[in-house]
Amino acid sequence: MPQPTGRILILIKPDAVERRLTGEILRRIEAKGYDLTALKVVTPTPQILAEHYAEHVERPFYPGIVEYMTSGPVVAAVAEGHRVVEGVRSLMGPTDPTTAAPGTIRGDLGRDWGTSAIKNLVHGSDSEDSAAREIAIWFPELDS
């Protein structure tokens, strides 16, 4: 019997795009066995970020996130597969690239640059529910 397929939104953030790490990040996700089913390059607007980061809008660090995420293009992707949220988040490693383990995207490719927003290369939805909400924001053309 086939396993149910989950989905996750992945954002390759401006620092990764600028450093030309998009291909390496996507390669790792595909090498793990997940399918990329949607992909586009977009420069986020403050409006889309307010929707995406709705739970953080009132937090003191939010303006730094907006400044960082609007600083250049982002590659938005949807990946699918069994336990994809858990698997991709494991590939990414913890949010802090300084303490992320070697072998993870953030551990191998990221570091703290001493900026107000943590430039940690990549975002991945933290649950199936978050994935559905986030995919609808970044890919409204897809049937959720």
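Predicted model: local features only at pLDDT ≥ 70, side-chain atom pairs only at ≥ 80, totals over all residues.
View 1. Thr-95 belongs to the loop that joins helix H5 (84-92) to helix H6 (105-109). Apart from neighbours within four places in sequence, the residues in contact with Thr-95 are Arg-106, Ile-118 and Asn-120.

**View 2. Asn-120 in the loop between H6 and strand E4 (122-124).** Asn-120 counts as buried because its relative accessibility is 3%, under the 20% cut-off. Its side chain reaches the backbone oxygen of Thr-95 at 3.2 Å. When residues up to four places away in sequence are set aside, Asn-120 touches Lys-13, Asp-15, Tyr-68, Thr-95, Pro-97 and Arg-106.

**View 3. Residues annotated as "binding site" in UniProt.** The unreviewed UniProt entry lists Lys-13, Phe-61, Arg-89, Thr-95, Arg-106 and Asn-120 under this term. From this set, Lys-13, Phe-61, Arg-89, Thr-95, Arg-106 and Asn-120 occur in the lining of the largest pocket.

**View 4. The buried face of helix H7 (residues 128-138).** Buried residues in H7 are Ser-130, Ala-131, Glu-134, Ile-135, Ile-137 and Trp-138. Viewed down the helix axis, the buried residues of H7 lie within an arc of 155 degrees and therefore line one face of the helix. Among the elements covering these buried residues are strands E1 (6-12), E2 (35-42) and E3 (74-81), together with helix H3 (46-52) and strand E4.

Terms used:
Residues numbered from 1 in each chain as written. Heavy atoms only, no water. UniProt positions renumbered as here; feature names shortened; annotations may be inferred. 1 Å grid on protein atoms, 1.4 Å probe; cavity = no way out; pocket = protein on both sides within 12 Å on 5 of 7 lines; lining within 4 Å. Helix = DSSP H or I, 4+ residues; strand = E, 2+ residues; numbered from the N terminus. Contact = heavy atoms within 4.5 Å. Buried < 20%, exposed > 50% of the residue type's maximum accessible area, 1.4 Å probe, protein only. Polar contact = N/O pair within 3.5 Å; in protein donor to acceptor, adjacent residues only side chain to side chain. Arc of directions from axis to C-beta.
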